[in-house]
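Hi everyone, thanks for coming.

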Protein chains: 4
Amino acid sequence: MIRFDNDYTEGAHPKVLQRLMETNEEQLPGYGKDHHTASAKALIRSLCGEDVDVHFVMGGTQANLTIISSILRPHQGVIAPDTGHIAADETGAIEATGHKVLEIKAVDGKIDAGQISRYVEDHWNSIEREHKPQPKLVYISQPTESGTLYSREEFEAIRHVCDEKGLYLMVDGARLAYALASGDSDLTLADYADMCDVFYIGGTKAGILFGEAIVISHENIKEDFRYIIKQKGGMLAKGRLLGIQFEVLFEDDLYMEIAGHAVKMARILNDAFTGSGIEMHFPSPTNQIFPVLTTGQIEKLSKKYAFHVWEDIDETRKAVRFCTSWSTRLEDVEALIEDINNL
Amino acid sequence: MIRFDNDYTEGAHPKVLQRLMETNEEQLPGYGKDHHTASAKALIRSLCGEDVDVHFVMGGTQANLTIISSILRPHQGVIAPDTGHIAADETGAIEATGHKVLEIKAVDGKIDAGQISRYVEDHWNSIEREHKPQPKLVYISQPTESGTLYSREEFEAIRHVCDEKGLYLMVDGARLAYALASGDSDLTLADYADMCDVFYIGGTKAGILFGEAIVISHENIKEDFRYIIKQKGGMLAKGRLLGIQFEVLFEDDLYMEIAGHAVKMARILNDAFTGSGIEMHFPSPTNQIFPVLTTGQIEKLSKKYAFHVWEDIDETRKAVRFCTSWSTRLEDVEALIEDINNL
Amino acid sequence: MIRFDNDYTEGAHPKVLQRLMETNEEQLPGYGKDHHTASAKALIRSLCGEDVDVHFVMGGTQANLTIISSILRPHQGVIAPDTGHIAADETGAIEATGHKVLEIKAVDGKIDAGQISRYVEDHWNSIEREHKPQPKLVYISQPTESGTLYSREEFEAIRHVCDEKGLYLMVDGARLAYALASGDSDLTLADYADMCDVFYIGGTKAGILFGEAIVISHENIKEDFRYIIKQKGGMLAKGRLLGIQFEVLFEDDLYMEIAGHAVKMARILNDAFTGSGIEMHFPSPTNQIFPVLTTGQIEKLSKKYAFHVWEDIDETRKAVRFCTSWSTRLEDVEALIEDINNL
Amino acid sequence: MIRFDNDYTEGAHPKVLQRLMETNEEQLPGYGKDHHTASAKALIRSLCGEDVDVHFVMGGTQANLTIISSILRPHQGVIAPDTGHIAADETGAIEATGHKVLEIKAVDGKIDAGQISRYVEDHWNSIEREHKPQPKLVYISQPTESGTLYSREEFEAIRHVCDEKGLYLMVDGARLAYALASGDSDLTLADYADMCDVFYIGGTKAGILFGEAIVISHENIKEDFRYIIKQKGGMLAKGRLLGIQFEVLFEDDLYMEIAGHAVKMARILNDAFTGSGIEMHFPSPTNQIFPVLTTGQIEKLSKKYAFHVWEDIDETRKAVRFCTSWSTRLEDVEALIEDINNL
């Protein structure tokens with residue numbers, strides 16, 4: 001079975017494991033107070049801006065629930081696309097910290113500035129607004145859960161609404177690497193740091209064993225953030241593990257190398273599908289692509305390849321997801337293309 | 001600087017890293033549904049009993065908050081020693097899930113069956129009990145945060161009270177390895193599984209990079225446990241990492257080998273201190289020892305050794321903690337002994 | 001200004017205040033342990049069945065959050081119509097107790113057994129269900145927030161789905177009186193007690209100063225319910241106030257008398273609107289009616305009458321709500337009818 | 001049975017009920033937006049200072065949990081005496097909102113500035129402070145649960161520590177009336193508004209049916225407070241009930257008249273006990289007194305009088321509580337005195 005079902009099917013990029021080996025005997029203080037963590041933070045600050053705070057946690061749900069609960073007062077909620085990870089795939093993790101996820105209908109995984117603006121205006125125009133959760137934070141993912149991207153223009157419009165309406169803006173960047181590597185986006189890490197109040201740079205789905213780097217720009221969110229990481233169970237005793245891995249990622253541009261490879265493999269596959277007349281469900285320029293296949297086609301390909309069935313399109317067709325990563329081999333992609341051409 | 005300040009100052013036992021290397025290219029399903037995780041669970045069940053459920057999470061605070069919140073209804077609290085980790089060192093993680101930690105005064109890190117029984121009887125005898133959190137769960141650590149152990153007899157008495165009063169019993173086993181390896185305890189993993197409703201076998205402080213194995217005996221707690229792990233941010237995308245590490249620990253008895261070495265090193269140190277006429281603050285037979293030193297002695301030893309200042313005894317003396325682990329070298333212990341003898 | 005904007009615009013039915021006067025000097029134990037409370041509970045049990053538990057709290061949001069948090073484990077959510085009070089009008093009160101409200105699209109304020117069944121089946125059929133809140137409780141309102149009613153048949157179908165899928169069923173009966181009094185429903189309090197696991201009989205909107213009577217049929221929910229009322233701030237020191245008021249309501253059938261009057265007034269109004277060719281937005285047979293008026297008509301009527309603008313229908317028309325109660329006077333209704341006829 | 005067991009054994013002062021009768025027919029907007037509520041707020045502002053915000057809720061636990069959860073971020077805790085109501089008598093209501101109550105050992109129900117200062121300094125001096133809840137708010141009761149009072153000097157010292165350490169200060173004034181009426185305190189409502197960031201003026205235990213008036217001085221706490229009241233289930237549909245009752249209390253000084261009477265009755269009783277050689281457990285100058293009686297004396301008095309057994313002193317003696325209120329009759333006090341003299 002050749003796996004295209006996810007970008008976390010292997011362990012880690014070999015350089016990551018090698019560095020863990022090399023540093024294994026170092027005796028270091030715990031809880032992220034070691035020099036590797038300091039150095040990884042410095043590397044990220046050098047890309048994002050010297051005034052940001054950087055923290056590492058183990059996974060995306062943990063990043064989301066720690067960030068969101070650190071920002072909101074009890075009566076406040078977080079606006080999110082209805083397809084956003086916090087709305088759809090985290091077992092109510094945000095609600096478990098006491099806050100409602102205020103869902104807005106997404107198109108191709110995205111919501112736009114106008115929708116956010118209308119939602120917030122409706123709230124403040126209501127004479128019964130005190131009976132509703134107050135929108136205070138906007139959560140979006142870049143790339144989205146559908147593999148699509150917010151353009152610079154769309155992003156700036158959302159930032160503008162947030163400024164206008166007194167909202168915080170956060171970006172779930174579990175797969176941010178693939179946005180950065182995509183030809184379709186000209187946004188840099190410095191741009192994200194500039195436009196977001198807080199965002200995170202995903203590691204788990206970009207070649208390391210586990211870990212997300214939270215980058216905080218807003219002073220209010222910086223305050224006491226480590227307390228909240230600890231309280232939510234996200235502070236690793238051997239915090240070095242996160243520091244070392246992110247050091248490797250951000251030295252010598254490994255992060256972009258990994259992402260660039262995955263996006264390239266995905267483009268090749270995408271072109272093969274569309275070249276065979278197969279429609280794509282979302283216009284995704286990143287490492288996830290969503291061809292629409294017939295049940296017959298799915299059955300055929302499933303014999304050799306693992307991929308994810310995403311959703312039903314009609315009685316005979318389903319959107320499926322193929323996902324690439326640092327470990328995707330060109331020969332596997334070529335094999336798949338041959339099978340696509342023979343569908 | 002030779003470090004005796006903790007049992008998590010290095011990465012992992014070399015065998016653990018080696019296995020992570022060897023398995024790195026395997027393409028596996030995520031979220032703990034891989035064959036390594038299955039095999040690690042089977043190894044633990046073979047030691048604890050075939051009818052337990054086993055789950056892996058990343059750290060102790062995460063284990064505690066996930067377990068406790070999975071058990072209690074909103075009005076119920078958890079009884080704990082006032083020196084217990086959940087009471088003293090987790091930034092209110094349990095309260096953040098809505099539950100009060102009902103603290104009982106500990107002696108040498110321990111509480112006894114009589115104290116628990118009186119606390120619970122006082123609750124049920126009170127005509128105003130509905131105005132107090134209802135005690136429903138007992139939390140103890142084995143070994144305790146003071147390095148001491150509950151004997152089989154003490155344990156059985158606590159279990160008996162729990163049965164009598166309708167309480168669940170959980171054991172924080174972040175350092176359980178050192179209890180198992182200590183000559184002072186004849187309790188086995190099967191005994192813990194038998195006497196506890198849920199406990200965990202710590203890996204982070206016993207030679208792996210990170211991870212705790214939660215062992216559940218009680219049917220009520222088994223139900224839907226994975227949902228709660230996910231919700232609390234404890235479900236690793238690359239769950240394999242936990243499975244692989246625990247596989248290594250429980251094949252070929254590595255877990256006991258690691259713990260045995262650490263306890264042996266601690267005994268040697270302990271004897272050196274007491275042989276020099278230095279009093280021990282707690283009677284600890286595990287991998288943490290707590291000599292009472294003068295400020296002068298602390299100053300001297302601090303030049304070469306890292307250790308933890310635990311608490312003030314009087315104006316001139318403090319209890320300190322020396323901690324051993326799989327990585328403690330005999331030559332370092334011998335150097336320290338020489339310096340102890342010259343204090 | 002003649003008010004039809006709500007059913008809580010006055011204090012209480014005169015008999016309620018009179019009884020509070022008469023009993024004022026009685027010296028009674030606090031927290032609902034007085035004889036009036038016992039007697040009110042007995043009256044309600046005589047209507048609902050001897051094996052139910054009855055508790056009184058001060059308001060609807062309090063009833064909802066107390067009930068729901070008492071039932072669910074952390075990872076479980078409550079299914080509700082998207083127009084349901086807990087979804088739309090309680091400032092995230094349910095989420096503040098840690099639980100997601102799982103919204104289902106309502107028609108005329110109602111959801112049906114098929115929708116619930118599909119939602120729950122989708123959950124259990126998903127291989128990623130552990131990443132979603134688990135549906136465990138169904139919340140519906142009778143009458144709904146749109147004034148409509150679930151028929152006996154619809155109710156039985158929902159109960160059947162709940163049994164089949166292992167769900168609890170609760171009914172928000174803030175305006176249950178008007179369902180009981182409507183000719184369209186043949187469901188009795190005993191039927192609700194029989195079909196629901198827990199429901200409540202609203203007092204605030206049915207003639208008393210404040211108070212809701214929670215009726216619990218399911219043994220699991222009965223356990224320790226008073227603790228949770230206390231914890232959530234719902235236990236009144238002078239609990240007698242709730243007992244006395246519900247005593248008055250359920251002696252001599254005052255509850256039905258109040259509701260009958262309000263429904264009758266609403267029917268008269270309803271007929272006047274439809275008789276004038278005015279369309280009703282929801283088919284409501286209870287004490288709330290929802291005519292669709294032009295902005296001109298709204299402007300005219302607003303000069304003499306207070307009512308609620310509910311929602312926009314199109315550019316020139318809005319649905320509005322007229323609400324009747326125990327205190328609605330026939331002469332005011334007749335004045336309004338005259339003005340309707342002259343619209 | 002003549003009751004001295006509490007200050008909430010009757011309904012309300014007759015003037016309160018009378019006003020509820022007189023205003024019953026008024027048709028008013030809900031949720032505290034009526035003119036009575038506005039007028040009650042104005043009366044309280046005229047006593048506390050024009051720049052405070054005033055809100056009414058139904059009871060003390062509700063006031064405490066609403067205030068505290070509105071102030072704290074997730075990792076912060078509230079310092080309280082271990083005998084404080086939130087620590088001892090509210091079923092973990094504060095923990096249920098996610099926050100630890102940081103208990104300090106009280107003497108006669110009080111903690112002092114030095115204790116608070118040391119607690120907070122210990123926190124900030126700890127290198128592991130991020131592993132502990134951060135103290136951010138001080139909760140004290142005036143009078144305390146033991147009937148004792150903080151003097152102006154003690155209060156100013158606590159305020160000073162709060163300023164120095166960046167802490168908020170709140171006062172639980174469930175029985176504040178009796179502090180105001182006691183000859184031992186020269187603190188006025190304006191003083192409390194000046195020194196506290198938020199406090200409340202209890203009504204339930206001072207002659208009304210139910211209700212507490214929350215007075216907020218700090219701008220941060222003022223923001224969006226009504227949302228949080230609503231979310232926690234504390235917003236009464238017929239909010240007028242709170243407004244009307246507090247109007248009555250603060251017109252014509254009824255509040256002080258009620259409290260003055262109760263304190264006077266308590267002083268007479270206190271003198272009778274001490275005159276008979278009976279020791280008082282706490283030095284209480286308010287409406288609660290705590291004589292230490294033998295079991296024989298308790299048995300005798302229990303035949304005619306209801307009072308509260310507070311705690312065991314030794315094998316033969318217990319502290320008991322006698323409590324007076326607006327409704328305590330001089331003839332009942334005189335009867336009791338006669339019986340005291342015959343003990």
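**Sheet, helices and interfaces**

Let's start with one spot: A:Tyr139 stands opposite A:Met170, which sits in strand 6 of chain A. Before going on, some housekeeping: this is a predicted model, where local features need pLDDT of at least 70, side-chain atom pairs count only at pLDDT 80 or more, and totals for chains, interfaces and linings use all residues. Residues are numbered from 1 along each chain as its sequence is written, chains are lettered from A and ligands numbered from 1 in the order in which they are written, and side-chain values use heavy atoms, with hydrogens and water left out.

Back to our strands. Strand 5 (residues 134-141) and strand 6 (residues 168-172) of chain A pair in the parallel sense over 5 bridges. Helices (H or I, at least four residues) and strands (E, at least two) are DSSP runs, numbered from the N terminus, and two strands pair if DSSP finds at least two bridges between them.

Now zoom out. In chain A, 7 strands make an open sheet with mixed pairing, in the order 2-8-7-6-5-3-4. Strand 2 (53-57) and strand 4 (101-104) of chain A are at the edges with a single partner strand each, so one side of each has no neighbour in the sheet. From one strand to the next, the twist averages 25°.

What lies across these strands? Helix 6 (residues 113-125) of chain A lies across strand 3 (76-81), strand 4 and strand 5 of chain A, at about 165° to strand 5. Helix 7 (residues 152-165) of chain A lies across strand 5 and strand 6 of chain A, running at about 145° to strand 6. Axes here are lines fitted to C-alpha atoms, for helices over the stretch in contact, and angles run from 0 to 180 degrees between N-to-C directions.

On to the interfaces. How many residues of chain B are in contact with chain A? It's 44 residues of chain B with 44 residues of chain A, contact meaning heavy atoms within 4.5 Å. The two chains bury about 4,000 Å² between them, 56% of it on carbon and sulfur atoms; that's the accessible area (1.4 Å probe) that two parts lose on being put together, summed over both. Helix 1 (14-22), helix 3 (60-71), helix 10 (225-231) and helix 11 (240-250) of chain B each give at least two residues to the side that touches chain A.

And chains C and D? There, 45 residues of chain C are in contact with 45 residues of chain D.
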